[in-house]
Amino acid sequence: MARILSYRQELSDSQKRRFLFIALLIAELAILIFIATRLIQVNTVVDRVEVIGNQEFTYYKNVLIGDPPLLILIIIGLILPLASRRIRHEPVLLVTVQVIIVSLIVFVFWPLAKVFIEAFKSEYLAQGFSLIQFQKLLTKPSVWKAFTNTMILGITTSVLATVIGTLIAYTLTLTNLPGKKLLRNLTILPLLSPPFAVSFAFIMLFGRRGLITWDIFHITGWNIYGPQGIILVQLISDTPLVILILSSVFASISRNLEEAAEDLGGTPFYVLRTVTFPLVTPAILTAGLLTFISSISDFGNPMLVGGGFQMLATQAYIQMIEMFDLQMGAALAMLLVIPAFIAFVIQNWISNRKSYITVTSGAVTGYIRQQPTWIKAILYSITTFMAFMTVLLYGSIFVGAAVNAWGFDYTLTARNVTGLLTAIPQIKNSLIVSVGSGIVGGIIGIVIAWLVSRKNFPGKSVIDFSATVMLAIPGTVVGIGYIVAFNAAPYFWTGTFFIIIIAYAFRRLPVGLRTSVAAQKQIDPTLEEASLDLGASRLRTFTKITFPLLNRAFFAGVIYIFIRSMTDLSAAVFLNAGSTQLYTVRMFRVMVTGTPSEGAAFAGLLIIIILVALAILSKLTGKSFIDLFRIS
Amino acid sequence: MKASKWLRLMVVFVIVAAMLAACATPTPEVRIVTQEVVVTQEVVVTQEVVKEVVVTEEVPVEVTPQPIGGELILYACLFDPDKLEVLFQTFKAQYGVDVTCLDMSSGEALERIRAEKDNPQGDVLFGTTNLSHVNLAADGLTEPYKGVGWNMLPDGPAKDPDGYWTGFYYGVIGFACSPERLAAINAECPTSWEDLLDPIYKGEIVIAAPAASGTSYTVLSGLVQLYGEDAAFEYYHKLNDNIAQYTESGSAPAKLAAAGEYAVGIAFAHDIQVQQDKGLDVVINFPSEGTPFEIGGISIIKGAKHLEAAKAWVDFVFGPAFQRYHNDVAHRVPIVSGVKLAEGTFSLEDVHLIDGYDPTYYAALRDPLIARWDTEIGVTR
């Protein structure tokens with residue numbers, strides 16, 4: 001015993017590291033071999049049967065079933081981090097980087113690559129390379145119209161939603177106006193339902209035969225079908241996300257800095273402009289980017305209130321779902337990816353140019369600021385108006401569900417509600433998928449966020465980019481990509497919960513990641529450095545210092561992914577199968593073909609389910625209901 | 001610093017190389033490695049027995065149920081799966097098979113069947129216009145089956161000569177009118193295609209875009225049959241002035257008219273009747289010049305995991321239980337004659353079908369006609 005101990009002591013640090021490193025490599029090699037045997041399999045199958053005379057000859061052949069390109073990519077993903085000395089010297093970092101790179105390759109890069117590969121083929125599932133789809137695409141005048149429409153609409157929605165959302169977030173966190181808690185709960189309510197439910201309720205109230213526009217005011221010339229309708233509806237469904245992101249940042253801004261500026265004689269407006277605003281710039285840009293992409297890739301709302309207004313996402317949806325032309329759809333989606341990509345790069349570039357550190361030990365946050373009365377009046381009326389709209393919209397959903405036929409027959413009935421009993425299996429499926437993807441996505445998000453904002457190693461920006469690129473991909477493309485990539489041998493993942501959970505986890509990863517990164521950027525690295533200097537290991541530092549500070553960001557990420565998965569439609573349409581049919585898919589069908597009351601019942605139930613889930617989560621985590629939403 | 005720069009370059013290079021490799025690999029999925037003769041076997045040549053099916057007067061041939069067990073997955077559910085539950089229970093009682101019906105549009109169903117061709121998740125493409133079935137058969141994605149229904153139907157547009165699909169209902173186009181909205185614009189429910197051109201309906205007519213919906217393509221091809229191609233497009237140009245919106249969903253016009261959002265919606269009559277059942281105020285008129293129609297088909301997906309159950313279901317669909325119930329609930333016109341019609345529904349005799357219109361023939365013309373519609377009409381929106 002003593003010998004062993006003394007022997008251990010003789011080992012130098014570098015020797016220990018080398019041992020660990022070699023052990024790691026061996027373990028990884030074993031895992032790799034296991035993956036390889038799963039990814040490439042040889043099957044003996046009947047080739048053909050020939051009958052000569054009265055004898056039957058059966059020819060067999062060995063076929064290679066599998067995905068060699070993906071295996072090669074996985075191997076590259078495992079080897080790449082080894083090239084860096086800095087990564088090699090930190091085993092935890094090495095394994096983390098490897099796992100993250102491989103999962104990004106398999107679950108982000110590969111499904112998208114498969115869509116692009118399909119788009120460049122002359123015929124669906126054919127071989128080789130062809131530009132036929134792009135010729136078809138570029139010669140269509142309707143495509144360019146859809147492109148400009150989409151861009152104008154996306155920019156309008158994004159700018160308006162970001163401005164309104166920022167103002168509301170400021171009102172809710174940094175003013176002393178009454179009823180803030182209630183207003184905050186109400187303004188973020190649209191997050192709890194699929195975006196297309198907003199359109200649906202909007203038509204019930206403000207349609208050509210809406211309760212308010214027709215039954216009450218009898219306006220005949222009124223028309224919400226068109227771009228104006230899409231913008232209004234998207235504003236209501238996208239602003240809550242801006243409010244969420246900005247509220248957390250406003251709440252975490254250190255009062256100390258502003259106080260210092262005020263003590264030095266700065267006017268409130270001057271302080272706002274020179275201190276507060278620069279601190280929230282990255283969050284504003286993130287919010288702007290998210291709303292822009294959400295707007296351009298949304299098809300549920302344009303389908304319901306667009307009135308035939310041509311948009312790229314709806315075009316891609318039509319091409320893929322109605323025209324049976326996956327390639328054309330993929331080609332259109334690529335057209336959609338380009339502006340999203342540009343916005344993404346601009347946002348990244350501006351955010352990375354500056355350093356934003358506000359949380360130091362002993363910082364004072366969330367203080368109420370003083371504003372002139374007229375500013376308060378403006379802020380308060382915007383916020384209450386937004387809250388009022390959501391009350392109206394969601395109120396109409398619950399009232400609509402309780403009456404016979406909204407618009408015609410307002411007698412109370414339980415018919416629509418009892419009709420929901422048939423949807424129990426779909427509710428169960430949606431819950432399994434959403435909880436699963438929330439946990440998976442939350443964990444991956446926080447790990448990548450830690451890598452990106454705390455670690456310095458070559459290829460970091462590539463990881464950051466790959467993890468966030470899903471943001472710019474319309475859900476429909478994600479769904480198709482997963483189907484095309486993982487349906488065939490050797491995976492056979494279609495129709496399983498696994499594929500939906502993974503798809504959602506990676507699809508919503510960017511937001512979990514962004515919030516975590518934003519939170520980490522606000523934490524002063526000196527806290528971690530202090531812990532390390534006092535002798536704590538890196539793992540201990542992460543679990544004891546970094547993670548508690550990120551706790552809220554983590555739960556916010558989980559909840560965000562959970563809610564978005566519960567309310568997603570575009571990817572669900574492709575990914576769910578017989579035993580895994582999801583609730584939103586049925587809900588959308590009911591909304592397109594059923595009466596307003598039937599659709600309202602479906603939407604109402606979904607909102608209640610999400611609220612109950614949130615209540616359970618807040619019980620479990622011991623956090624108050626609304627804190628779960630706050631990212632600080 | 002140098003190393004990191006070099007590495008960054010390498011990452012980019014490797015990713016590009018991998019992409020190129022992935023694109024350039026000619027056969028990524030299946031590669032033949034060796035080929036060898038393994039087994040010889042005696043063959044028993046059996047005489048193919050051709051069975052004659054005698055169609056009795058009170059129609060459908062009752063099949064003696066043989067318990068099969070297991071499950072069955074139907075793609076592109078005809079309508080609300082809950083309402084079909086009764087039929088699924090009947091089917092289960094006979095065959096012991098659990099049926100799952102997946103609600104999806106015909107396009108989704110087709111895309112999925114194509115995407116899942118190596119590992120089919122569904123067993124039967126149930127419903128949707130025969131256009132889908134024709135396309136799938138052409139791609140070799142369905143399994144021929146000449147069951148009870150196929151043998152029962154006369155040769156003609158209602159079935160595939162090789163048994164790849166079989167028609168099991170008719171759907172006819174009608175005008176859905178909102179009396180309330182019509183009163184507001186002081187107009188009557190149109191009774192002909194010509195009526196629709198009346199400026200009084202300006203901004204009050206909804207129809208799906210043919211590119212987006214089989215329903216609307218049925219209208220387009222029907223009008224081509226009625227007027228000839230050029231005259232049909234001339235008609236569409238005039239009609240375009242009155243159209244409020246081209247929806248993405250085929251049944252949305254029925255719903256929009258029923259909800260009183262617009263005065264007139266052009267859709268399948270059965271979709272309009274479903275709205276009437278819900279207690280909404282909507283009237284159906286049929287165009288006097290002639291009505292386009294669809295034939296709804298059923299086919300078995302190639303490689304179906306539950307083939308026996310699939311065949312049993314295809315036969316079941318032509319049985320009296322299904323045909324009657326389907327008419328009662330979904331209001332589509334039964335293809336099996338002699339089925340007692342539900343109250344308030346109509347038979348083919350009640351409407352004037354466009355002379356000589358064969359939906360199967362127009363399946364092949366879909367792409368050029370829609371391309372023309374898109375460049376001439378679609379572009380104006």
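These notebook entries record what I looked up in a predicted model with chains A and B.

**Conventions**

I note that the model is predicted, that local features need pLDDT of at least 70 and side-chain atom pairs pLDDT 80 or more, and that totals for chains, interfaces and linings use all residues. Residues are numbered from 1 along each chain as its sequence is written, chains are lettered from A and ligands numbered from 1 in the order in which they are written.

**Entry 1: the two chains**

I began with secondary structure, taking helices (H or I, at least four residues) and strands (E, at least two) as DSSP runs numbered from the N terminus. Chain A comes to 28 helices and four strands, and chain B has 14 helices and 12 strands.

For burial, I counted a residue as buried if 20 or more other C-beta atoms lie within 10 Å of its own, exposed if 12 or fewer, and partly exposed in between, with C-beta atoms placed from the backbone. Of the 632 residues in chain A, 50% are buried; in chain B, buried residues make up 49% of 381.

I then looked up contacts, where two residues qualify if their C-beta atoms, placed from the backbone, lie within 7 Å. Among contacts in chain A between residues at least 6 apart in sequence, 78% join residues at least 24 apart. For chain B, residues 24 or more positions apart account for 77% of the contacts with a separation of 6 or more.

**Entry 2: the nonpolar core**

I used the definition of a nonpolar core as a set of buried Ala, Val, Leu, Ile, Met, Phe, Trp, Tyr and Cys residues joined through C-beta atoms within 7 Å. The largest such core has 277 residues, and those with the most contacts inside it are A:Leu246, B:Val124 and B:Ala176. Helix H5 (residues 91-119) of chain A gives the largest share of this core, 15 residues.

I followed up A:Leu246. Not counting residues up to four places away in sequence, A:Leu246 touches A:Gly165, A:Thr166, A:Ala169, A:Val280, A:Ala283, A:Ile284 and A:Ala287.

**Entry 3: H11 and H13 of chain A**

A:Leu246 is also one of the H11(A) residues that meet H13(A). For helix pairs, axes are lines fitted to C-alpha atoms over the stretch in contact, and angles run from 0 to 180 degrees between N-to-C directions. The axes of H11 (residues 227-252) and H13 (residues 268-297) of chain A come within 9 Å and cross at roughly 160°. The crossing of H11(A) past H13(A) is right-handed, which means that the near helix is turned clockwise from the far one by less than a right angle.

I sorted the contact residues by class: Ala, Val, Leu, Ile, Met, Phe, Trp, Tyr, Cys and Pro count as nonpolar, Asp, Glu, Lys and Arg as charged, and the others, Gly among them, as polar. The contact of H11(A) with H13(A) has 11 nonpolar, five polar and one charged residues.

**Entry 4: two further helix pairs in chain A**

H2 (residues 13-39) and H3 (residues 68-79) pack at about 170°, with axes 10 Å apart. H2(A) is thus roughly antiparallel to H3(A). From H2(A), A:Glu28, A:Leu32, A:Ile35, A:Ala36 and A:Leu39 take part, and from H3(A), A:Leu70, A:Leu71, A:Ile74, A:Ile75 and A:Leu78. By class, this contact has nine nonpolar, no polar and one charged residues.

H19 (residues 424-454) and H25 (residues 538-567) pack at about 145°, with axes 8 Å apart, and H19(A) passes H25(A) in a right-handed crossing. Their contact divides into 13 nonpolar, 10 polar and no charged residues.

**Entry 5: single residues**

Is A:Ile22 buried or exposed? A:Ile22 is exposed, because 10 other C-beta atoms lie within 10 Å.

B:Ala109 lies in helix H3 (residues 106-115) of chain B and is buried, with 25 other C-beta atoms within 10 Å. Leaving aside neighbours within four places in sequence, B:Ala109 is in contact with B:Tyr75, B:Ala76, B:Met104, B:Leu125 and B:Thr128.

I also noted two non-glycine residues with positive phi. B:Asn186 has phi of about 60°, is found in the loop between H6 (179-185) and S7 (205-208) of chain B, and counts as exposed with 7 C-beta neighbours inside 10 Å. B:His331 has phi near 65°, is found in the loop between H12 (320-330) and S12 (333-334) of chain B, and is buried with 24 other C-beta atoms within 10 Å.

Methods. Angles under 35 degrees count as roughly parallel, over 145 as roughly antiparallel, 65 to 115 as roughly perpendicular and the rest as oblique.
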